[in-house]
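Okay, thanks for coming, everyone. Have the sequence and the model open while I talk, and stop me if a term is new.

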Amino acid sequence: MGMRKVAVVGAGMTKFVRRAQETAKELTWQASRMALQSCEMTMDDIEAVCLGTAPDAFDGIHMNGEYLSDGAGAWRKPYMRSYVGGGTGVFVPIQGWYHIASGLFDVVLVVAEEKMSSYYPHAQAAFLTIFDHTTERPLKPNLLWIFALEMNRYMSTYGISKADIARVSVLHKQNAADHPCALLGEANISVEDVLNSEVLAWPVQRYDVSPVSDGAVAVVLAAEHIAKRITDKPIWIEGVGWNLDTSYWTNKDLAYPRYVEYAARMAYEMAGIKEPRKEIHIAEPYDPFDYKALHHLEGLQLAERGKAVQLYIDGTAARDGNMPVCPSGGLLGVGNPIAAAGLMKIAELFWQLRGEAGARQVPGDPRRGIAQAWGDLMQVGTVVVMGR
Amino acid sequence: MTSNHHAFPGTPLSEDEFRQGKILFNHDRLNGNFAWDTGIAIGSYLAGLKEGYLSGSRCAHCRKVVIPPRVVCEWCFRPMDTYVRLGDTGTVNTFSLCYVTWDVQRIIDPEMPAVIEIDGASPGHGILHKLGEVDPQALHIGMRVRAVWKPAEQRTGAITDILYFKPTGEEETR
């Protein structure tokens, strides 16, 4: 298709915390600065900036992208903010990718930020406005409803137990104990702890859910001829995909995310991947809830429908397993500052594939990984395949 | 890079530090008041609710009946041809027992949101509503339910004209 190769050459992130002293702009700047420093670049080298941040309602600022622009170094540069709900964090690097793949720019800064603590007392209430204002909102829904409804449908369709789903939360939180930025890393958590946690919206319990957080992540993308000058270890973006399902979420199959499948197939085709279960060495599926990681692994064609939990039961998903899942600790462990959480997965693949993930390093020189995010009203899938 | 980078930016604050005013903050309340036009398709849906029935729209090309009704078919992008009256009974597609309200207040008796596939709509086509007059422990996917309506004089043409859905008690086929 005449597209240029694009590499990730640098990455930076802030700690993910429940409430950060820094403002959204300050977090954005800190992640951006760290990403630039990691590849010894300055803002002068950056030709365009892509920013991802989720709903304006969290910050209470209309046109939040423009508000955050100084923290992202966007002044006097082509600048664009993208937003596809929770899918934003993996969409914004896709946007950066096509800026470069198209030949329009050579070096792009991609930054994702979320400060959820500003919404007081709890960001949960901001989510009410994602439901249809006439046919759903008068029922006073909360965001947990749709996850609980989808989780129940998923469990019941395939006969999966709560105890098995809890393994996801346990593995991710254990993995996060090795992440220096993690909010909820817990090395000694057990399935019983998850099953004994507060019931919020059955079948969803406290430990099935990722925490609202503040944080920012940034990566630097470069065209091939620049990337090879900057680093010996560029990590290539080999495939991208994104796809949207219906807004009428009560009209579709809640047990299987077909939109994630379509996004994944688009990315696999671009990357030349025929057998994802053999060719993907690390998976970072979106895991705001534990069952969602399973749901998404199936959508990504990394497990048969209803069988993703077997990867956790037989150890395949463990950090030293055949296909580690969320070695970062994921949203369940590192935290869930919406847009930043998705881009954290891209940063994790960058570090893992370069062999720079420290205590979290997956053994065996992994060559290829996939990151995926999901969002809007249970309807968007965004996928990036990365390799070295 | 995390292996050779030990100091990450970001300063966590505890909720106590915040509440006790150890840091400065500015509190504000946004004023957002809206009056949404119901439009053509949802307008007809709400008119039906006021009369005491549920309705959907039908695409003759795709042979689909969807609820709530809409003016355009998502599959073929042709106009939806007709609005059709549906039953006020259905089948529980999925449900939850929710112990927190929309603003995260804890409650003892759970709310029971559900997706209910409405009789007369195409298979798998449901709406979000709540269940009532049912033992939470007896609730299950596949349960047959019927709408419990507000009295006619209290109906305003809103989704809340249905109070909730309750079990019909009939034999289940799946």
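Predicted model: local features only at pLDDT ≥ 70, side-chain atom pairs only at ≥ 80, totals over all residues.

Let's start inside chain A: which elements cover the buried residues of α6(A)? The cover includes α7 (191–195), α11 (290–299), α12 (309–313) and α13 (330–333) of chain A. Covering here goes by contact, where two residues touch if their C-beta atoms, placed from the backbone, lie within 7 Å.

Residues are numbered from 1 along each chain as its sequence is written, and chains are lettered from A and ligands numbered from 1 in the order in which they are written.

How confident is the predictor? The complex gets an ipTM of 0.93 and a pTM of 0.96. Chain B averages a pLDDT of 92, with 95% of its residues scoring at least 70; pLDDT is the predictor's confidence in each residue, from 0 to 100.

Back to α6(A). This helix covers residues 162–176, so to speak a run of 15 residues. From first C-alpha to last, α6(A) reaches 21 Å, close to the 21 Å expected at 1.5 Å a residue; the expected span is 1.5 Å times one less than the number of residues. Its buried residues include Ile165(A), Val168(A), Leu171(A) and His172(A). Buried means 20 or more other C-beta atoms within 10 Å of the residue's own, exposed means 12 or fewer, and partly exposed is in between, with C-beta atoms placed from the backbone.

For contrast, take Ile130(A), which sits in the loop between β4 (107–115) and α5 of chain A. Why is Ile130(A) counted as partly exposed? Because Ile130(A) has 18 C-beta neighbours inside 10 Å.

Now the sheet in chain A. Nine is the number to remember: an open sheet of 9 strands, in the order β3-β2-β4-β7-β1-β8-β11-β10-β9, with mixed pairing. Two strands pair if DSSP finds at least two bridges between them. At the edges stand β3 (79–82) and β9 (282–284) of chain A, each with a single partner strand, so one side of each has no neighbour in the sheet. Neighbouring strands are turned by 25 degrees against each other on average, direction ignored. Angles use lines fitted to C-alpha atoms, for helices over the stretch in contact, and run from 0 to 180 degrees between N-to-C directions.

Zoom in on β11(A), residues 380–387, where 8 of 8 residues are buried. In a regular strand, side chains alternate between the two faces of the sheet. Here Val380(A), Thr382(A), Val384(A) and Met386(A) point one way, and Gly381(A), Val383(A), Val385(A) and Gly387(A) the other.

Strand β8 (235–244) of chain A runs antiparallel to β11(A), joined by 8 bridges, and Ile237(A) has Met386(A) as its bridge partner. Strand β10 (368–375) of chain A also pairs with β11(A) in the antiparallel sense, over 8 bridges. There, Trp374(A) stands opposite Gly381(A). β10(A) and β11(A) make a hairpin with 4 residues between them, and Asp376(A) in the turn has a positive phi of about 55 degrees.

On to where the chains meet. The contact takes 51 residues from chain A and 44 residues from chain B. Which element of chain A gives the most to the side that touches chain B? That's α5(A), with 7 residues. Helix α5 (143–158) of chain A lies across β4 and β7 (113–118) of chain B, at about 95 degrees to β4(B). There's also strand pairing between the chains: β5(A) and β5 (97–100) of chain B are antiparallel over 2 bridges, with Ala201(A) partnered by Cys98(B).

Last stop, chain B's own sheet: 5 strands, open and antiparallel, in the order β8-β7-β4-β9-β10. The twist averages 45 degrees from one strand to the next. Strands β4 (89–95) and β9 (144–149) of chain B pair over 3 bridges, and Gly90(B) stands opposite Val145(B).
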